[in-house]
Amino acid sequence: MKKCKAKRNNAGKSMATRKAGHSLQSRRQPTVNRNHKDRLFRLIFSEKKNLLQLYNAIRGSNYDNPDDLTITTNEDVIYLGMKNDVSFLIDDVLNLYEHQASFNPNMGLRGFLYLADSFRKYIESNRIYIYGSKAVKLPVPQYVVFYNGTKEEPDKLEIRLSDLFDKTAEIQPCIEVTAIMLNINRGHNRALMDKCSILWEYAEFIGRIRENQVNLSLENAVNEAIESSIRDGILAGFLKAHRAEVIEVVLTEYDEKGYIEYEKQLSREEGELSKLVQLVCKKLSKGKSPVQIAEDLEENLKTVTRICDVACPFAPNYDCDQIVSKIMEQNILN
């Protein structure tokens, strides 16, 4: 029996471990996918004139030359199979604009990772020497999230990186990133919509799609929204020029049924991980070693050892929820 277990451990992960580890973690993390899709928001605001109008509306500035913008978007940053939205540099301000169709409390962390990469590239491209005695000058980062999900949210919300830090630690964090989330659904942020007509048109177009979905399939709802929007002069030129692409993008982005199924699958996989962590912690509390636990549970020794390493600081009570969170955040099992 022990030989079988040893062979199983050497051969690879069990089904539960594969689900809890590789599958869950690969879904959790943005990945590079050469067949990725654009977002409609990105399609519209990748045009410099539209992006400049949006920037002016948010900043209260009056730039009129789209060439003042330098696009810095990292094309390899993918989230849930969709391209990251838009980042750009103008007047020594480094901007990251993202679109979200669902509320995400981790935007501060995502912004931190993305902006860190952007600053690294900025330093390299401008040959800035950061190891000398002279202070370097960097553009001011600004991170704005445009929300148009179906769940009711306020006009403006600040999402901080520090909200994710362990609150039990009695020290102040040395870093902070604040994402400003703006609700761009119909009826929200009217002052901003008045200043940026293209943003209002985008919100109106999405609103029409959702209205049509009450009685139509998503595909028919999109086609009907395109027809009515062109007729009413809403994104008319853009929709005429990119009709086929818009249909494909919206069908991918707003497939709520598919998204719900994805969330269910993610929940199931997270449940598998949670069960495994609970079993490991129960064995740890009895004084068993990772080798003994791996044999008892018929799990891969490397996986069990990694879980034990994360769980160790939580002894002797072992808060399984926090352990699972740290495993997912640090991508321990992938």
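Select Asp91, which lies in the loop between strand S4 (86-90) and strand S5 (93-100). This is a predicted model. Asp91 has a positive phi of about 50 degrees, although it is not a glycine. Is Asp91 buried or exposed? Its relative accessibility is 52%, so Asp91 counts as exposed.

Asp92 is not a glycine, yet its phi is positive, at about 60 degrees. Asp92 is exposed because its relative accessible area is 55%, and the cut-off for exposed is over 50%.

Next, select Ser46, in the loop that runs between helix H3 (40-45) and helix H4 (48-59). A polar atom of the Ser46 side chain lies 2.6 Å from the backbone oxygen of Arg42. Show Ser87 as well: Ser46 and Ser87 are 41 residues apart along the chain, and their C-alpha atoms are separated by 9.4 Å. Ser46 has a relative accessible area of 36%, so this residue is partly exposed.

Start with S6 (residues 140-147) and S8 (residues 178-183), which pair in the parallel sense over four bridges. Which residue in S8 is the bridge partner of Phe146? The partner is Leu182. To see one of the bridges, select Ile159 and its partner in S8, Ala179.

Switch to a surface view and select Tyr129, Ile130, Tyr131, Val136 and Leu138. Together these residues make a nonpolar surface patch of about 560 Å². Pick out Tyr131, which sits in the loop between helix H5 (107-125) and S6. Tyr131 counts as exposed because its relative accessibility is 67%.

For the last stop, go to Pro316, in the loop between helix H13 (301-311) and helix H14 (320-330). What kind of peptide bond joins Ala315 and Pro316? The bond is cis, with omega at about 5 degrees. Display the backbone atoms of Ala315 and Pro316 to look at this bond.

Methods. Residues are numbered from 1 along each chain as its sequence is written. This is a predicted model: local features need pLDDT of at least 70, side-chain atom pairs count only at pLDDT 80 or more; totals for chains, interfaces and linings use all residues. Side-chain values use heavy atoms; hydrogens and water are left out. Helices (H or I, at least four residues) and strands (E, at least two) are DSSP runs, numbered from the N terminus. Buried means under 20% relative accessible area, exposed over 50%, partly exposed in between (1.4 Å probe, protein chains only). A polar contact is a pair of N or O atoms within 3.5 Å; within protein, one must be able to donate a hydrogen and the other to accept it, and residues adjacent in sequence count only if both atoms are side-chain atoms. Two strands pair if DSSP finds at least two bridges between them. Patches are made of residues with over 30% relative accessible area and no salt bridge: like charges are joined within 9 Å, nonpolar side chains (Val, Leu, Ile, Met, Phe, Trp, Tyr) within 5 Å. Accessible areas come from the Shrake-Rupley method with a 1.4 Å probe; for residues, only the protein chains shown count as cover. A salt bridge is a side-chain nitrogen of Lys or Arg within 4 Å of a carboxyl oxygen of Asp or Glu.
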